[in-house]
Amino acid sequence: MKTKVAQWLLIAAIFAAKTVLAQNYPFPQHVVYAAGIKPNNVTQAAMDSTVSSYWSAYSARYVKSAGGSPTRYYIAYNLEGQGDTGAATVSEAHGYGMVMEAYFGDKTHFDGMYWYYKDHPSQNNSRLMAWQQNTSFVDMGGADSATDGDMDIAYSLLLADKQWGSGGSINYLSEATNMINALMQSDVNQTQWTLRLGDWATTGTSQGFAYATSTRPSDFMFDHMESYYEATGDGRWTNVMAHTYAVVNTLFNNNSPNTGLIPDFVVLNGSAYQPAPASFLEAATDGEYAYNSCRTPWRFATDYLLRNSSGILTEMRKINSWIQSSSGGNADHVYPGYDLAGTALNTSYTDDSFTSPFGLCAMIDSGNQTWLNTMWTWIAARGINVNDGYFGNSITMQCAIVLTGNWWKPVYSSAGSPDFTIAGTPASQSVVAGNATNYTVNIGSVNGFTGTVGLSTAGLPGGATASFNPASVTMLGSSTMTVTTAANTPTGTQLLTVIGTSGTLVHSNTMSLTVNAAGGGGGSTNNLALNQTATASTTWSASYPASNAVDGNAATRWSAASGQTTNQWLLVDFGTATSYSSVVIREISFQRVTAFKIQSSTDGTAFADLATGTTIGTNLTVTFSTVSARYVRLYMTSASNVPTINEFEVYGSGSGGGPVAAPTFGPAGGTYTSAQTVTISTTNSGASIRYTTDGSTPSETAGTLYSSPVNISSTTTLKAIAYESGMTDSSVTSATYTINLPQVAAPSFSPAGGTYTNAQAVSIGTTTGGASIRYTTDGSTPSESAGTLYSSPVNISATATLKAIAYESGFTDSSVTSDTYTINSSNGALPAGWTDSDIGSIGVAGSAVYTNGVFTVKGSGADIYGTSDQFNYAREVITNDFTLTARVATLNSANGWSKSGVMIRGSAATNSAYVGIYVTASNGVDMQCRTSNGASAVDVARVSGVAAPYWVRLVRSGNTFTGYHSPNGTTWTQVSLTNVTMAASVRAGLAVCAHDNTALNTSAFDNVTAQ
């Protein structure tokens, strides 16, 4: 008795282990992303094959054992000697490895990496991972954490929960939740709501900037944070996302408007985020686009693809246009690092870690298709490249998963919960420094939301404040947001983020604020120096050129070279003699000048003094008698440290025109349930307006000239600019209109699908009046242009799957309704759980009946082969591993290649992956397979000289399928085995094909088992 009990316990344990090990998301997944495109110059199967091969090579090279029981594994990040001396791995590499192993279903290595992570807790928060270990697997360089590694490990645990479930020896979901909460506790600055550099970054400074308020854009994994929020319900994560979007947009607008490039590290200077100074934490390139921020196009684009998140879509579009122009459309001309103006830091080699993310970012817009195809070809040919080391190969490996549509997200959100929306109007406002302007913030209800929403603002420029009246909105309503600027508030355009919070729910909306200078002496508001040619005595680096002082953006600056504190100058060349009588100097970043002169020149060589002064400060106006000269120079005689000038403005005595008022949209951008007719206007009555709807930036010569309201019938970003002769062009107003049209009600069938003993006349209807319906009976999916237009009941006389869709102008198409009608004789109903249908385009309808243990299956069809099939298929749905056996008792030959046998198939689609083993009329036993959906089927093996009656069998073990044949059902001989990736649940049953689309193959099967 004890022996029997022990055996049953062992069997139960084995069964439980197999249940845990089963993959719910085996590679490949072929996710349909919420937005974007994929490479289209190769087949999906070819892309999947490339990624699988890449992973095999990557895993063999970098996944290493660290010993222990159970065995620990790690990623050998220093294999090529590009890491710290004596180091074996870092948490960044560990996170990469765990994420990839979850996507490829490698549970053994994943669990081993989990235990390694648990062996190395951070000294500051034991739920996080110490960032580096040596070759003896002892923590080195400080046992604290790095945010990027922590975030990837937490995300990988969510993937593991969805991939394998949390019922085994590791509760992945519980561990993920603990780590996500630890990230919020220790890796988030809950004052600025930005990500810290690690759990150590709570004190200390570098070059005057605090580590506690600094952040690293390569950590901005928005898709991770969205999953954290969905898994835990902690609304603080959406707060972090909103503020982090604002940081990116601030950097983009103030530091890289022409490239979209983001620096490696970011510091908080007063209330403004800016690139870190050189050698702030790691290298001289800490303020450039280098080996940290090279990951941002990958991280940002993944968020957009998975969730259609448009918070930084403008920045990504700018990166795409810049890199294509910079490289000339040649992937070999993408270089390892750039300053934020787009100048390459090194052109002597290429590096996967820079090139691959640009390729992924190209997926966001269909206009990038050619560039995307070029980048995929480059990546596919690259393979494992030892010169790029673990870092470049790890980034490319993950980019390739996303590029091929195989980066699925762990979904935890529950539909239908009460929620709210937030929208701000107008989309943009302009204000003169020192004044205030108002916006209206509207709160809407979703699914019966009745709560109170508190309001706050992120992304304000220096010196500006925001207030709300009322401070919170209950249920539906609005609040007036007043933005008040100071006299020294930097000029330029800034994206403001208004944030609404109600318990754990947090949502945000962005608006534009343009701050204009108060103007120089003599009453002129036209900055004559704006965007003129500027030169300087010396320059700190390419990131701080003289042109930064005349770009109208007070967040950028010119800096003299290191150590240069005396006799430094900044020169503006108007190109021709120009009258001017005052200058405005803004020394916002650092106040260092102690003596200066304003000088004029007609030839750029001999200069006359116009005015002198001592200190400058954040906003100094200097007036003098009107002079007419081609050049004006700020000559700094002395400074306490390297002088830096944010803006040098020059004004005349005339009444030159200021900037045109920015356009406003009516209605404002937001979410609507119908098409919108949008008017565009500006308060300057004589101004012209141009607009775009394709994401590009309008100008005086680019875009459509506005003459009548713009019709927007689908989700669109509208941009507009106003301009007038003698005035400065307005800032660009931008707003996104999300059009969520009501959906047509899904069709219904009468009678419903099921098993019937005679033909059925099926009526199809929808409750949406006026809608049209199209349907199919061949297994294909109907659409507005595919399928038969419904006009009268559909006659179904043989087993078939009926599918229908309803559609109407001004509505979103309905979902597809699908139901199977099985037509059997009254005494031949199939066993419970079994269905029968023709697959593909069939000339003569097939059928299946079951009487006294015998299946009689009739099938027409040209063949089960090529890239799609035509046959009759009687089957049931089976999950996990099993053995399918049948004896082909009779085969009524229509052709020498008529075939009857057993099949395991991913779906009922005509091009589905499958494995089958058949008895043929004249060609013995044939084993075939299609390795992926849409691929060409292949013969695996044949056995000649046998004919019905004969036995065939298929055994599934994971993704390995083994075929057998037998003359008697007792003695079995293996035909062959093959590997085909299929989901856990598959269709298994009896396949019959006539190999003649005008005839039927009638076959009888007995001894049919699936267990």
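The second largest pocket of this predicted model is lined by 34 residues. Tyr77, Glu92, Trp131, Glu282 and Asn292 lie nearest its centre. Two elements each give two or more residues to this lining: helix 3, residues 91-103, and helix 13, residues 389-403. Helix 13 gives the most, with three residues. The space in the pocket comes to about 980 Å³. What kinds of residue make up the lining of the second largest pocket? There are 13 nonpolar, 10 polar and 11 charged residues.

Now turn to the aromatic rings. Tyr77, named above for the pocket, also belongs to a cluster linked by ring pairs. Among the other members are Tyr96, Trp298, Phe354, Tyr390 and Phe391. Across the whole structure, a search finds 40 aromatic pairs.

Two of these pairs can be followed in detail. A pair of aromatic rings is described by the distance of the centres and the angle of the planes. Take Trp164 and Tyr172. Their rings are 6.0 Å apart, centre to centre, with 45° between the planes, and the pair is tilted. Both Trp164 and Tyr172 are buried. Next come Tyr775 and Tyr790. Their ring centres are 6.3 Å apart and their planes stand at 75°, so this pair is edge-to-face; the cut-off for that label is over 60 degrees. Tyr775 is in strand 39, residues 772-776, and Tyr790 is in the loop between strand 40 and strand 41. The two are 15 residues apart, and the pair links distant parts of the chain. Is Tyr775 buried or exposed? Its relative accessible area is 16%, so Tyr775 is buried.

The charged end of Arg592 sits over the ring of Phe590, 4.1 Å from its centre. In the same way, the charged end of Arg633 sits over the ring of Phe607, at 3.8 Å from the ring centre.

Finally, look at the backbone. Asn469 and Pro470 are joined by a cis peptide bond, with omega about 0°. Pro470 is in the loop between strand 15 and strand 16. Another cis peptide bond joins Ala948 and Pro949. Pro949 is in the loop between strand 54 and strand 55.

His30 has a positive phi, near 55°, and is not a glycine. His30 lies in the loop between helix 1 and helix 2. Its relative accessibility is 29%, so His30 counts as partly exposed. Trp193 also has a positive phi, of about 55°. Trp193 sits in the loop between strand 5 and strand 6. With a relative accessible area of 16%, Trp193 is buried.

Terms used. Residues numbered from 1 in each chain as written. Predicted model: local features only at pLDDT ≥ 70, side-chain atom pairs only at ≥ 80, totals over all residues. Heavy atoms only, no water. 1 Å grid on protein atoms, 1.4 Å probe; cavity = no way out; pocket = protein on both sides within 12 Å on 5 of 7 lines; lining within 4 Å. Points joined across faces, edges and corners; volume = space filled by probe spheres on them. Helix = DSSP H or I, 4+ residues; strand = E, 2+ residues; numbered from the N terminus. Nonpolar A, V, L, I, M, F, W, Y, C, P; charged D, E, K, R; others polar. Phe/Tyr/Trp six-rings, centres within 6.5 Å; stacked < 30°, edge-to-face > 60°. Buried < 20%, exposed > 50% of the residue type's maximum accessible area, 1.4 Å probe, protein only. Lys NZ or Arg CZ within 6 Å of the ring centre and 35° of its normal.
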